[in-house]
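The stops below concern aromatic rings and the charges over them.

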Amino acid sequence: MTSTAAADGQPRTESGRLNLLGLDAAGLDGLLRELDEKPFRGKQLRQWLHQRRVFDFDAMTDLAKGFRRKLVDVAELQVPRAIFDRESEDGTRKWLLALESGQAVETVYIPERGRGTLCVSSQVGCALDCGFCSTGKQGFNRNLSAAEIIGQLHYATQALEDEGRGRRVTNVVMMGMGEPLANFRNVIAATNLMVDPYAWGLSRRRVTLSTVGLVPALYRLADVSNISLAVSLHAPNDALRDEIVPINRKYPLRELLPACEHYLGNTPHHCIYWEYVMLDGVNDSDAQARELARLLRHIPSKINLIPFNPFPGTRYEASPRARIQRFSEILQNAGFITTTRRTRGQDIDGACGQLVGQVINRRNQGKRGSASANA
Ligand code: SAH
């Protein structure tokens, strides 16, 4: 088929067809124009695909037969398949989902009282190489398509339904493998579907994008989306951030903070969620806590301290619990709502920074990046 602007760039499946799952409202509009069909069909299709999760075009009985035939010709529906599935003692469940050419990404379900959060991947590997993150150590292969991103929500929803324990996804965090803003268009299409009332219908408060802070992309995000924003800060000044989050050398704090304020100014959100991984003796002193409070004093903020989750080969160590507590108190005394993330799924390598998937590193072609230790 000839591709439209909207459908352009969506990778075809192996059969050369378009994976319809990844088209958001605008993407479907483009396809419908191309097929000479009425725009309202897009709503019907999104309901079939994302609400009823019916993947057989013949079963979509309120669509005209002729239209269904056109869809069969140009499109198909593919949900990723798990090649590995493990549940932690704490109920966290992790899937390794197979993609084409031997690659795989991880998706994690984290049950909490009254809610269930799905941690979704956006890339195979990650190019940013933050020293404390095992995903970065795998290298980078490629962006996930929008269908592969929303497919993780489809897969998890079905798998949880199959458990029959009443567990379901109420929140999504783009905090799995990869840097979501480095895969801008596909992440936007997928998150659009998450908050679309004709698709997944989640509130914008329940869909969170976590970024290392790619400044130009943050400005673009403010134009096209209004989901919740979490930013991986990890240091209170440029000298230290340059070291532990190397992209800071390109987008330093004096550019990152205004971009975050711009996001708040352009969206209905009241605060930025700052993530701060607690590395023993590196970024966890009292003085650094006070410096962090000074840095953020003019920005509506909630601070989430993340206990460091070690992985083989890392040179960092986790801050002692008492140190995290003290750091948190200093921030709270300075007026910041500060929470400490509970580590979940560590026994299945499903905790923050432990997702390695199965990445064939492009920068090291031919040599497979260490496959998931538990795969
Ligand atoms: N690339 C995005 C999403 C990554 S993961 C980002 O940087 O925000 C989500 C969070 O887990 C980030 O804040 C990341 O810095 C943090 N993280 C990475 N490795 C970690 C580790 N080993 N222990 C604890 N948190 C980690």
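Start by selecting Trp-48 and Arg-52: the charged end of Arg-52 sits over the ring of Trp-48, 4.1 Å from the ring centre. Keep in mind throughout that this is a predicted model.

Next, select Phe-184 and Arg-220. Here Arg-220 lies over the face of Phe-184, and the distance to the ring centre is 4.0 Å.

Now turn to rings paired with rings. A pair of this kind is described by the distance of the centres and the angle of the planes. How many aromatic pairs does a search of the whole structure find? The search finds 4.

For one of these, select Trp-95 and Tyr-155. The ring centres are 5.9 Å apart and the planes stand at 75°; over 60 degrees counts as edge-to-face, so this pair is edge-to-face. Colour by secondary structure to see where the two residues belong: Trp-95 is in strand S4 (residues 93-98), while Tyr-155 is in helix H5 (residues 146-163). Is Trp-95 buried or exposed? Its relative accessibility is 0%, so Trp-95 counts as buried.

Move on to Phe-308 and Phe-311. Their ring centres lie 6.3 Å apart with the planes at 65°, so this pair is edge-to-face too. Phe-308 has 4% relative accessibility and counts as buried. Phe-311 is also buried, at a relative accessible area of 11%.

Notes:
Residues numbered from 1 in each chain as written. Predicted model: local features only at pLDDT ≥ 70, side-chain atom pairs only at ≥ 80, totals over all residues. Heavy atoms only, no water. Phe/Tyr/Trp six-rings, centres within 6.5 Å; stacked < 30°, edge-to-face > 60°. Helix = DSSP H or I, 4+ residues; strand = E, 2+ residues; numbered from the N terminus. Buried < 20%, exposed > 50% of the residue type's maximum accessible area, 1.4 Å probe, protein only. Lys NZ or Arg CZ within 6 Å of the ring centre and 35° of its normal.
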